[in-house]
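Q: I would like to learn how to read ring contacts in a model. Please take me through them.

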Amino acid sequence: MAGLWFDELEVGQVIRHEIRKTVLEYENMMFSSLTYNPAQIHIDHDYCSKTEFGRPLMNSIFTLGLVIGLSVQDTTLGTTVANLGMTDTVFPKPVFSGDTIRSETHVLEKRESKSRPTQGIVLFEHIGYNQNDEIVCRTKRNALMLKRPA
């Protein structure tokens, strides 16, 4: 399924994405390594066994990327020019290896680009949930989107 054109997105629209992903320990270790994040809370089982969580937490930036990534097929695949920024990002619940994450997207605002007549700017809110329907990530993302070609 291709992404949606700027013209197809409506303020108030909610898109519940069908693709879900069970996150795995090796992904957390690899992501933390690739991003040079040596925080014990992500990679050291012995250290984590003595914390309130009892086990490693998935890297929150991995979680953020996954929540947005799960939305791409239904929203911006082939129709986005660039991400312009993210704000108000929160992680209300931790994510652990073995959790299954799903995502939904809300279209909060949209406007025509002042400098690019074939594009517009959309403010998305992406919300990630775990298998217990608890919110694990919420973020607002401004994206520069293509209009449908004439």
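A: A charge sits over a ring if NZ of Lys or CZ of Arg is within 6 Å of the ring centre and within 35 degrees of the ring normal. Here Arg55 lies over the face of Phe96, at 3.8 Å from the ring centre. Likewise, the charged end of Arg102 is over the ring of Tyr129, 4.2 Å from its centre. This is a predicted model, where local features need pLDDT of at least 70, side-chain atom pairs count only at pLDDT 80 or more, and totals for chains, interfaces and linings use all residues. Residues are numbered from 1 along each chain as its sequence is written, and side-chain values use heavy atoms, with hydrogens and water left out.

Q: How many aromatic pairs are there?

A: Rings of Phe, Tyr and Trp (its six-membered ring) pair if their centres lie within 6.5 Å; planes under 30 degrees apart count as stacked, over 60 as edge-to-face and the rest as tilted. The count is two aromatic pairs. Phe31 and Phe62 are edge-to-face, with 5.6 Å centre to centre and 70 degrees between the planes. Phe31 is in helix 1 (residues 25-34) and Phe62 in helix 4, 31 residues apart; helices are DSSP runs of H or I, at least four residues, numbered from the N terminus. Phe53 and Phe96 are tilted, at 6.3 Å centre to centre and 55 degrees between the planes.

Q: Is Phe96 buried or exposed?

A: Buried means under 20% relative accessible area, exposed over 50%, partly exposed in between (1.4 Å probe, protein chains only). Phe96 has 10% relative accessibility, so Phe96 counts as buried.

How values were computed
Helices (H or I, at least four residues) and strands (E, at least two) are DSSP runs, numbered from the N terminus.
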